[in-house]
Amino acid sequence: MAWYRRHYTCPCGISWWDEWSCLCNDRCPKCNREIEPDDHEVVEAEVREIEYEFTLPDGTKRYEFVDPDAGYSVMTQVGMFMAMHGAIIALPVKDKPND
Ligand SMILES: [Zn+2]
C-alpha cells in the first residue's frame, strides 16, 4: 500500500504537511477550507505483517509472518508456508490479551 506525505497551502496563509494512504483533500486547521494537496511525496508504507500459526501433523507448531504488501496475496503466502512446513492447519495469531 502506498503512503503519501502531502503538502497543503491555504489561501489564508498557512501551509502544512500531512500523511495518509491517499491523495485526498484536507481541511485547513485554521479556516476549515477544503484544500487540494499542492505537493506530495511517496513514503514507505508501514509494515503490516500478520503472524500465522502453522500446525504440523504431529501437533507441533511453526510461526511465520505474512506480509500483505509483499506482492503475493496473503493466502498464497500462507499456502507457501504450509507446503514448506507440511502443515495441515494455518491460523492467524490473535493478539494475546495479557501481553
Ligand atoms: Zn485556511
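Modeller: What follows goes from the whole chain to its sheet and then to single residue pairs.

Modeller: This is a predicted model, in which local features need pLDDT of at least 70 and side-chain atom pairs count only at pLDDT 80 or more, while totals for chains, interfaces and linings use all residues. Residues are numbered from 1 along each chain as its sequence is written.

Biologist: OK, how many helices and strands does the chain have?

Modeller: The chain has one helix and eight strands, where helices (H or I, at least four residues) and strands (E, at least two) are DSSP runs, numbered from the N terminus. Along the sequence they follow the pattern β-β-β-β-β-β-β-α-β.

Biologist: And what radius of gyration does the chain have?

Modeller: The chain has 21 Å, whereas a compact globule of 99 residues would have a radius of gyration near 13 Å; the radius is taken over C-alpha atoms, and the globule rule is 2.2 Å times the number of residues to the power 0.38. Along its principal axes, the C-alpha trace spans about 70 × 30 × 15 Å.

Biologist: Switching to the sheet, in what order do the three strands come?

Modeller: The order in this open sheet is β2-β1-β5, with antiparallel pairing, and two strands count as paired if DSSP finds at least two bridges between them. Because β2 and β5 stand at the edges with a single partner strand each, one side of each is left without a neighbour in the sheet. From one strand to the next the twist averages 20°, with axes being lines fitted to C-alpha atoms (for helices over the stretch in contact) and angles running from 0 to 180 degrees between N-to-C directions.

Biologist: How many bridges join β1 to β5?

Modeller: Strand β1 (residues 3-9) is joined to strand β5 (residues 39-43) by five bridges, and in this pairing Trp3 stands opposite Val43.

Biologist: Then which residues in β2 are the bridge partners of Arg5 and His7?

Modeller: Arg5 has Glu19 as its bridge partner in β2, and His7 has Trp17; overall, β1 and β2 (residues 15-20) pair in the antiparallel sense over six bridges.

Biologist: What about the hairpin, which residue there takes a positive phi?

Modeller: That is Gly13, with a phi near 115°, in the hairpin of β1 and β2, which has five residues between the strands.
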